[in-house]
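Thanks for coming. I will go through one structure today, starting with some strands and ending with a few loops. Please have the sequence and the model open.

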Amino acid sequence: MNTYRIFSRIAGGFIAALLIATMAGCEKESTSNPNKGDIMFSSEHHTFGVVDSEEWFEIPVTATHATEQSRTLGIEVIAAKSSAMEGYDFELASHTLTIKGGSKSGAIRLKGIAENFDHNTSKSITLRLVLDPENIANEESIETTVILQHCCPFDINDFEGYAVLTSTWCMQYMNSNSRLVHTHVEEDNGIVVIEDMLYDGYDIRVKLNSEDAINPTALLCDTQVLGSTGDAFGTIYGDGKILIAEASTYNSTTADLSSYISYYSICERFMMLYTVMYVDGVGDIGMFANVLEWISDDEAERIMREGL
């Protein structure tokens, strides 16, 4: 009987404490600021390719929850942490940002001033959100670094003409480092044709992807015939054809080649091709790096006279 009474007192006290805590929690929630909510940058780093002075870039800003009223905050450029100069290297659309009522996001807009960048250089900007302390989750979340990378405008015709091809295939199988080649373009579909790339009569077609101005990629147009095993090795292997394929997409049984992505540079007029050469039904010959550097007609004529 005494045990029952002791248990009843403990249980009753626990229930009472729980009710008080619940009521206190409800009271605290009902008196909280309906417009409070942490506001921050979505990411600590952003990188944009500046091709011209017309394109605006957006830097997302988010809040932990939506509020009934619109919230306006300031945008500060931290000059001491920036190598880019506002008004010369870049322009902000506004030094304030409004997150509308009912929304949890907004975006800061800025653009680079391309003519004030040297070719293929980058500059940094540090931005800081200016807002009430009660809306700051932590100091790191209200700063972000923006990298503006200069990129030359894409013109596939820059890859037409003479180029010097330096290839590890040449080094291994042709007793030379480089050879002079000529290229032409298929402008409508973004393809560069390398005429007689390594062996006469065998052109190689490469597709250029210009969607990402900072990281433009090149891709062989499917598997192609590079030459004959007779030309390369003096004998016939398999069907006699040496095939060339894109390394990053090649299904190798001995190594992961997915990171060997071919690319090019408009500003510097070169292309890096990572390729796998093999003979169907026989096996892989290996992976080879091929660099093409476009040159002037005058330089090409000099090489024709004097050699590489």
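Let's begin with strand β1, residues 39-41, which runs antiparallel to β3 and is joined to β3 by three bridges. Two strands count as paired if DSSP finds at least two bridges between them. The strands themselves (E, at least two residues) and the helices (H or I, at least four) are DSSP runs, numbered from the N terminus. Within this pairing, phenylalanine 41 has valine 61 in β3 as its bridge partner.

Before going on, note that this is a predicted model: local features need pLDDT of at least 70, side-chain atom pairs count only at pLDDT 80 or more, and totals for chains, interfaces and linings use all residues. Residues are numbered from 1 along each chain as its sequence is written, and side-chain values use heavy atoms, with hydrogens and water left out.

The term pLDDT is the predictor's confidence in each residue, from 0 to 100. Here the chain average is 88, and 88% of the residues score at least 70. Where is pLDDT under 50? Over residues 1-35. For that stretch the model has eight contacts beyond four places in sequence, a contact being heavy atoms within 4.5 Å.

Back to β3, residues 57-63. With β7 this strand pairs in the antiparallel sense, over six bridges. Threonine 62 stands opposite serine 105 in β7. The two faces of β3 can be listed: Phe57, Ile59, Val61 and Ala63 are on the covered face, while Glu58, Pro60 and Thr62 are on the uncovered one.

Next, salt bridges. A salt bridge is a side-chain nitrogen of Lys or Arg within 4 Å of a carboxyl oxygen of Asp or Glu. How many salt bridges does the structure hold? Seven. I will show three of them.

One joins lysine 81 and glutamate 143, at 3.1 Å from N to O. Lysine 81 is in the loop between β4 (71-77) and β5 (90-92), and glutamate 143 is in strand β9 (residues 143-150), so this pair ties together parts that are 62 residues apart in sequence. Lysine 81 counts as partly exposed because its relative accessibility is 48%. The cut-offs for that are: buried under 20% relative accessible area, exposed over 50%, partly exposed in between, using a 1.4 Å probe and protein chains only. Lys81 and Glu143 also belong to a network of salt bridges with Arg128.

Another is between glutamate 186 and arginine 205, with the closest N and O atoms 2.8 Å apart. Glutamate 186 is in strand β11 (residues 178-186) and arginine 205 in strand β13 (residues 204-209), so to speak distant parts of the chain, 19 residues apart. Both ends are partly exposed: glutamate 186 at 25% relative accessibility, arginine 205 at 29%.

The last one I will show lies in a helix. Arginine 302 and glutamate 299 form a salt bridge whose closest N and O atoms are 2.9 Å apart. Both lie in helix α4 (residues 297-306), three residues apart, which is about one turn of the helix. Arginine 302 is partly exposed at 27%, and glutamate 299 is partly exposed at 30%.

Glutamine 224 is in strand β15 (residues 224-228). Is glutamine 224 buried or exposed? Buried, because its relative accessibility is 11%.

Now for the loops. Most residues other than glycine have a negative phi. Which way does aspartate 222 go? Its phi is positive, about 60°, although it is not a glycine. Aspartate 222 sits in the loop between β14 (217-220) and β15, and is exposed, with a relative accessible area of 66%.

Asparagine 120 also has a positive phi, near 60°. Its loop runs between β7 (105-112) and β8 (122-130), and at 39% relative accessibility asparagine 120 counts as partly exposed.

Finally, asparagine 251 is in the loop between β16 (241-246) and β17 (263-265). At 69% relative accessibility, asparagine 251 counts as exposed. Asparagine 251 and valine 276 are 25 residues apart in sequence, and their C-alpha atoms are 10.0 Å apart in space.
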